[in-house]
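Hello,

Here is the structure I promised to pass on to you. Please have it open while you read the notes below.

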Amino acid sequence: MRIRLQIAYDGTAYCGFQCQTNGVAVQDLVNQACTELFKTPIKTIGASRTDAGVHAEGNVAVFDAETRIDPSKIAFALNARLPEDIRIVKSDRVPDDWHPRFQSTIKTYEYRILNRVHPDPLSRHTEMHYYYPLDEKKMNEAAAFIEGEHDFASFCAAGYSSKTTVRTIYACRVIREGERVTIRITGNGFLYNMVRIIAGTLLEVGGGKYPPEHVKEILEAKNRSAAGPTAIAKGLVLMRIVYPEDAGREMQEVSES
């Protein structure tokens, strides 16, 4: 049977989600836990790679195994074999041909910023610290230009090859709660470092480097050098990946937010 996992993790200690040769990845430990549980080599297939230091609340992976364990109970068995910074939030059975990547999905990311003079030692791994005042209203005005279908070449890491740099962003919002500012972005797909470059650009707007409408000019330039810096990895969280069977409900929630 094919089992789907929803995985949450603090990415601080890992070189990303996907197995690599240059360090320990989240997927390495998930594979190891599955192999120990089912007593046969297991290799999961992940939905999103996520870079070193990036976190997740809702990444997705699947694997195949012959077992009598109730699929919903597999999460408990795997969590007993995983370190505390990786947790299986949910496990369930999906059709044998269900693939986490080769589907039309809706992804939501958050970029989290602590906006005050001094850093918070308790959130040092999960938030970007930004010393100077931020104008979240101007950031929201700029974020509105990000929404819709655009060529996001300006917001793609230089040298990255993709068949197309056109993506659709359903919502891009900037929310302040006291000293914390969150950039929440939902779309049908993202280019390499796209969310972090958008975050870096919105930070420059919020810090007063240029007006919100300049984001439109950045999009039109279709050149990475036109956009702001790539924000550091630790502020980024993959919140959820929504598949076609739940897409209608997700779009309703996005439109209401």
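What follows is a short tour of the findings, by topic.

First, the ground rules. This is a predicted model, in which local features need pLDDT of at least 70 and side-chain atom pairs count only at pLDDT 80 or more, while totals for chains, interfaces and linings use all residues. Residues are numbered from 1 along each chain as its sequence is written, and side-chain values use heavy atoms, with hydrogens and water left out.

**Cysteines**

A disulfide is a covalent bond between the sulfur atoms of two cysteines. Here it is taken as a pair of cysteine sulfur atoms within 2.5 Å, and by this rule the count is zero. Cysteine 15 is in no disulfide, and its nearest cysteine sulfur, that of cysteine 19, is 8.4 Å away. Cysteine 15 has 15% relative accessibility, so it counts as buried (buried means under 20% relative accessible area, exposed over 50%, and partly exposed in between, with a 1.4 Å probe and protein chains only). Cysteine 172 is in no disulfide either; for this residue the nearest cysteine sulfur belongs to cysteine 156, 17 Å away. Cysteine 172 is also buried, at 2% relative accessibility.

**The largest pocket**

The search for pockets runs on a 1 Å grid over the protein atoms alone; a pocket is an open set of points where a 1.4 Å probe fits, with protein on both sides within 12 Å along at least five of seven lines, and lining residues have an atom within 4 Å of a point. Grid points are joined across faces, edges and corners, and the volume is the space filled by probe spheres set on the points.

The largest pocket comes out at about 1,200 Å³. It is lined by 38 residues, and those closest to its centre are Ser48, Arg49, Lys107, Tyr160 and Phe190. The elements that give two or more residues to this lining are strand 2 (45-46), strand 5 (106-115) and helix 4 (194-206); helices (H or I, at least four residues) and strands (E, at least two) are DSSP runs, numbered from the N terminus. Helix 4 gives the most, with three residues. By class, the lining has 16 nonpolar, 15 polar and seven charged residues.

**Aromatic rings**

The whole structure holds seven aromatic pairs. Rings of Phe, Tyr and Trp (its six-membered ring) pair if their centres lie within 6.5 Å; planes under 30 degrees apart count as stacked, over 60 as edge-to-face and the rest as tilted. Tyrosine 9 and phenylalanine 17 are a stacked pair, because their ring centres are 5.9 Å apart and their planes are at 25 degrees. Both of these residues are buried. Phenylalanine 152 and phenylalanine 155 are edge-to-face, at 6.2 Å centre to centre with 65 degrees between the planes. Both count as buried, phenylalanine 152 at 0% relative accessibility and phenylalanine 155 at 1%. Ring pairs also link Tyr130, Tyr131 and Tyr132 into a cluster.

**Loops and backbone**

Which residues other than glycine have a positive phi? Among them are asparagine 193, near 65 degrees, and lysine 222, near 50 degrees. Asparagine 193 sits in the loop between strand 9 (180-187) and helix 4, and counts as buried at 16% relative accessibility. Lysine 222 is in the loop between helix 5 (214-221) and strand 10 (236-242).

Histidine 118, in the loop between strand 5 and strand 6 (128-130), is exposed, with a relative accessible area of 57%.

Best wishes

How values were computed:
Nonpolar A, V, L, I, M, F, W, Y, C, P; charged D, E, K, R; others polar.
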